[in-house]
Amino acid sequence: MTAMKWHADPELLSSYTSGTLDAIAGASVEQHLSHCAECRAAIAAHTDLAGLELAWAGVRDTIETPRFPAPIRLARRLGLPDSSAVLLAATASLRTAWMVSAFVALAFATLAAILTDGENLAPFLLVAPMIPVLGVAAAFSAPQDSLETLVVTAPYGRTRLILTRTLAVLATSLPVAVLLGLLVPGPTWVAAAWLGPALTLIPVLLALSSFVGPYPAAATVAVGWCGVVGVSVRGLPATWPVQAEQQVIYLGLAVLACAVLTVRAGRRSEIGALL
Ligand SMILES: [Zn+2]
């Protein structure tokens with residue numbers, strides 16, 4: 001290692017700390033500073049310590065007290081413990097952006113039903129049950145998700161994690177979806193009837209996930225539901241996918257899916273180990 005001949009002069013260091021250097025000059029000073037203790041010592045005189053302190057306080061604040069998504073902030077006010085809040089905050093489908101896009105999609109579907117005076121229910125019946133289903137799928141399948149890390153490091157069972165997240169997704173997505181459903185013209189029961197397929201598709205999703213993993217399971221459920229709504233568009237009444245006869249089939253499917261989950265969970269220690 002040879003001694004460096006060049007050092008940044010005070011004027012250059014002052015321009016660097018005030019941010020007035022162009023990108024290339026700034027990058028070379030930075031590169032030099034990373035290797036030269038002498039210039040690092042000299043730059044201290046040019047540093048705005050109060051500003052630095054403020055910046056670090058901001059960084060510490062962000063790391064130590066993360067800002068929770070709106071629904072979780074509300075749940076904390078209602079008494080949700082911080083440990084569960086942190087657990088839920090890592091859930092992709094509880095983030096505000098996910099929820100806003102889901103409800104914008106549902107709002108458009110509702111609008112389609114209103115504009116056609118209840119004749120075209122298909123978009124609403126297609127989107128409404130899929131929101132909680134995709135929300136649940138996203139709640140434990142995002143690749144960047146820290147679920148695995150949490151399972152390894154926190155005193156939470158995998159089943160408890162998945163059930164907590166599933167319930168949180170339902171609690172945040174169902175009320176707004178039901179309210180939007182009330183705006184749909186036609187029989188009032190439609191506003192609640194789509195809950196039948198929604199609540200069926202979730203155990204079906206979980207049961208399928210235990211065989212093929214969450215992504216293929218979510219895709220299969222989505223295609224299946226598109227098929228059911230698609231059939232109804234061909235000459236059947238607009239409410240066909242949620243009429244009583246079909247609800248009986250959904251109930252049967254839900255029972256079957258729960259039975260599959262229970263049997264498969266019985267072979268392992270818990271449902272969570274399947275997913
Ligand atoms: Zn130097």
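Which helix holds Leu 115? The place of Leu 115 is helix 7, residues 96-115; helices here are DSSP runs of H or I with at least four residues, numbered from the N terminus. The model is predicted, so local features need pLDDT of at least 70 and side-chain atom pairs count only at pLDDT 80 or more, while totals for chains, interfaces and linings use all residues. Residues are numbered from 1 along each chain as its sequence is written, and side-chain values use heavy atoms, with hydrogens and water left out.

**Stop 1**

Select Leu 115. Leu 115 is exposed, at a relative accessible area of 68% (buried means under 20%, exposed over 50%, partly exposed in between, with a 1.4 Å probe and protein chains only).

**Stop 2: the zinc ion**

Select the zinc ion next. His 7 (ND1), His 32 (NE2), Cys 36 (SG) and Cys 39 (SG) coordinate the zinc ion at 2.0 to 2.3 Å. Donors are N, O and S atoms within 2.8 Å of the metal (3.2 Å for Na, K and Ca); water is not among the atoms, so sites may look incomplete. Along the chain, the donors follow the spacing H-x24-H-x3-C-x2-C. Of these residues, His 32 and Cys 36 are both buried.

**Stop 3: Asp 9**

Asp 9 lies in the segment before helix 1 (10-18). Asp 9 is partly exposed, with a relative accessible area of 41%. Its side chain reaches the backbone nitrogen of Leu 12 at 2.7 Å, a polar contact (a pair of N or O atoms within 3.5 Å; within protein, one must be able to donate a hydrogen and the other to accept it, and residues adjacent in sequence count only if both atoms are side-chain atoms). Show Ala 42 as well: its C-alpha atom is 9.0 Å from that of Asp 9, and the two are 33 residues apart along the chain.

**Stop 4: Phe 68**

Phe 68 sits in the loop between helix 4 (49-64) and helix 5 (70-77). Is Phe 68 buried or exposed? Phe 68 counts as buried, at 9% relative accessibility.

Technical notes:
Helices (H or I, at least four residues) and strands (E, at least two) are DSSP runs, numbered from the N terminus.
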